[in-house]
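Open the structure in your viewer and keep the selection tool at hand. Each stop below says what to select and what is there.

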Amino acid sequence: MKVFKDGSWSWKVTTIVTLLSLILFLGIINPISSLIPMPEAIKDAIAELIHQTGIYSFLMVVILAPIFEEYIFRGVILRGLLKTISPIKAVLLSSFLFGIVHLNPWQFVTAFLIGIFSGWLYYKFKDLKLCILVHFCVNAIGFFSRFYLKDNLDVMELDYIDMLGGLQNYILIIIISSSLCLLGIVCLNRTSNQPKN
């Protein structure tokens, strides 16, 4: 099923996937990964990376990385695993490998959870472009947040729960985001089960 070919629902799938990517990253993954303590060495490395905001960095992070990584992890690894093991095991294993290659616990959480979503999309729609779209959205958020962070490095020292106004707000954001993601996944699942024209 090619989501981006002519079809009355392709715009809907693309829109839902884009919104889900943003909600998943900002409302679930980011709050969860913020709970992992970050050593000073990692903070220093991130502070150095934050200043890389040129066109070359944009092309590498936002355009080329999603294409290359999704081709490898969903287009080759997941597709191969789906031929030999159950879809759940295939998605989880390919997502785990995707997380491991990022080489640190903070990116592992993001890559693993995004990998599960992208893997599920690939399994349901068999269209790598949707996986690239998810990866593009997540990397674009990270890239464009550099413009804010490079002038506000002290934000990295703040406790994420305090930034959100306390534990109650933190939990509320995760619950609302999870509910929206579940609703979006139900809509996508129904769309993927529609008869092919």
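**Stop 1: a pair in helix 5**

Select Phe-108 and Phe-112: both are in helix 5, four residues apart, about one turn of the helix. Helices here are DSSP runs of H or I with at least four residues, strands are runs of E with at least two, and both are numbered from the N terminus. This is a predicted model, where local features need pLDDT of at least 70 and side-chain atom pairs count only at pLDDT 80 or more, while totals for chains, interfaces and linings use all residues. Residues are numbered from 1 along each chain as its sequence is written, and side-chain values use heavy atoms, with hydrogens and water left out.

**Stop 2: Thr-110**

Stay in helix 5, residues 105-125, and pick Thr-110. Is Thr-110 buried or exposed? Its relative accessibility is 16%, so Thr-110 counts as buried. (Buried means under 20% relative accessible area, exposed over 50%, partly exposed in between, with a 1.4 Å probe and protein chains only.) Now show its contacts, meaning heavy atoms within 4.5 Å. Neighbours within four places in sequence aside, Thr-110 touches Phe-25, Ile-29, Ser-33 and Val-138.

**Stop 3: aromatic rings**

The whole structure holds six aromatic pairs. Rings of Phe, Tyr and Trp (its six-membered ring) pair if their centres lie within 6.5 Å; planes under 30 degrees apart are stacked, over 60 edge-to-face, the rest tilted. Select Phe-58 and Phe-143, an edge-to-face pair with centres 5.4 Å apart and planes at 70°. Phe-58 is in helix 3 (residues 55-82) and Phe-143 in helix 6 (residues 128-149), so this pair links parts of the chain 85 residues apart. Phe-143 is buried, at 2% relative accessible area. Back at Phe-108 and Phe-112, the ring centres are 5.6 Å apart and the planes at 5°, so the pair is stacked.

**Stop 4: charges**

How many salt bridges does a search of the whole structure find? It finds two. (A salt bridge is a side-chain nitrogen of Lys or Arg within 4 Å of a carboxyl oxygen of Asp or Glu.) Select Glu-70 and Arg-74, whose side chains meet at 2.7 Å, N to O. Glu-70 is buried at 0% relative accessibility. Arg-74 is buried at 0% as well. Finish with Lys-129 and Asp-127, which meet at 3.5 Å, N to O. Lys-129 is partly exposed at 43%, whereas Asp-127 is buried at 1%.
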